[in-house]
Amino acid sequence: MSDTNEYPAVVVVDGEMASHNWILEKEEMVLGRDDTCDMVIPMRQVSRQHVVFRRIGEDQYEVEDLGSKNGSWLNGNRFEGIREIHDGDEVHLALKVRLRFVGSGITAPVTGNIPDVIPSMGGKGRMKIDIESRQVFIGGLELDPPLSLPQYRLLELLYMNDGGVVSREDVVETVWPDAMGEGVSEQAIDALVRRLRDRLGEADPEVQYVVTVRGHGFRLENPS
């Protein structure tokens with residue numbers, strides 16, 4: 001690759017840093033909130049060194065989660081360790097920052113016509129979430145009044161895991177990121193889950209969206 005525009009890029013899709021981008025000119029580039037990173041996102045939910053983008057061959061790249069506190073998602077699925085990435089793939093950091101990997105550089109527009117709603121269960125679920133506006137839709141109708149911030153954080157965590165089981169530790173890290181040192185009681189977690197179930201049940205009493213997986217945690221049931 002001889003021209004800067006021929007290098008792939010990482011672009012912030014939405015939020016305060018929307019359209020901000022970095023060219024992957026080096027073999028490895030670390031992204032995090034620390035000033036020493038190659039790509040800096042100054043948000044407390046982002047770990048000091050959150051992920052690294054790495055070239056592994058001619059026009060081949062991978063992303064590695066660096067043991068981040070609040071997690072990383074690739075195309076809506078949480079991952080740990082290394083995943084290969086391709087043009088158009090989206091990497092979500094801590095459920096707060098959405099990035100797009102642009103394999104052909106940034107000579108073409110990359111921020112237009114980007115959907116705000118990330119589909120769950122292949123986009124066929126009755127529930128949809130607009131990540132940027134934090135709006136929740138069930139059966140096409142917006143949940144009103146909106147969820148409280150803890151309720152929304154829990155629901156978004158379950159939603160982004162696409163039916164996978166979320167541990168109680170994951171819930172604490174996402175819902176109460178500043179309380180990790182003090183600890184959060186089992187009763188507080190159960191009370192939050194119960195309140196979220198009640199709110200969703202008011203909108204759709206036919207479905208129990210939040211399912212307890214005994215001994216493991218919780219998962220989202222999102223039928224079509």
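The model is predicted, and 16 salt bridges are counted in it. Helix 1, which runs over residues 149–160, is largely enclosed by the rest of the structure, because 10 of its 12 residues are buried.

**Helix 1**
- The 12 residues of helix 1 should span 16 Å at 1.5 Å a residue, and the end C-alpha atoms, which are 16 Å apart, agree with that expectation.
- Asp 162, which follows helix 1, has a positive phi, near 55°.

**Salt bridges**
- Asp 38 and Lys 26 meet through their side chains in a salt bridge, at 2.6 Å from N to O; Asp 38 lies in the loop between strand 3 and strand 4, and Lys 26 in the loop between strand 2 and strand 3, 12 residues apart.
- Asp 38 counts as partly exposed at 30% relative accessibility, and Lys 26 is also partly exposed, with a relative accessible area of 45%.
- Glu 90 pairs with Arg 100, their closest N and O atoms being 2.7 Å apart; Glu 90 belongs to strand 10 and Arg 100 to strand 11, so the pair ties together parts that are 10 residues apart in sequence, and both residues are buried.
- Arg 126 forms a salt bridge with Glu 206, with the closest N and O atoms 4.0 Å apart, and this pair links parts of the chain that are 80 residues apart.
- Arg 126 is partly exposed at 29% relative accessibility, whereas Glu 206 is exposed at 68%.

Notes. Residues numbered from 1 in each chain as written. Predicted model: local features only at pLDDT ≥ 70, side-chain atom pairs only at ≥ 80, totals over all residues. Heavy atoms only, no water. Helix = DSSP H or I, 4+ residues; strand = E, 2+ residues; numbered from the N terminus. Expected span 1.5 Å × (residues − 1). Buried < 20%, exposed > 50% of the residue type's maximum accessible area, 1.4 Å probe, protein only.
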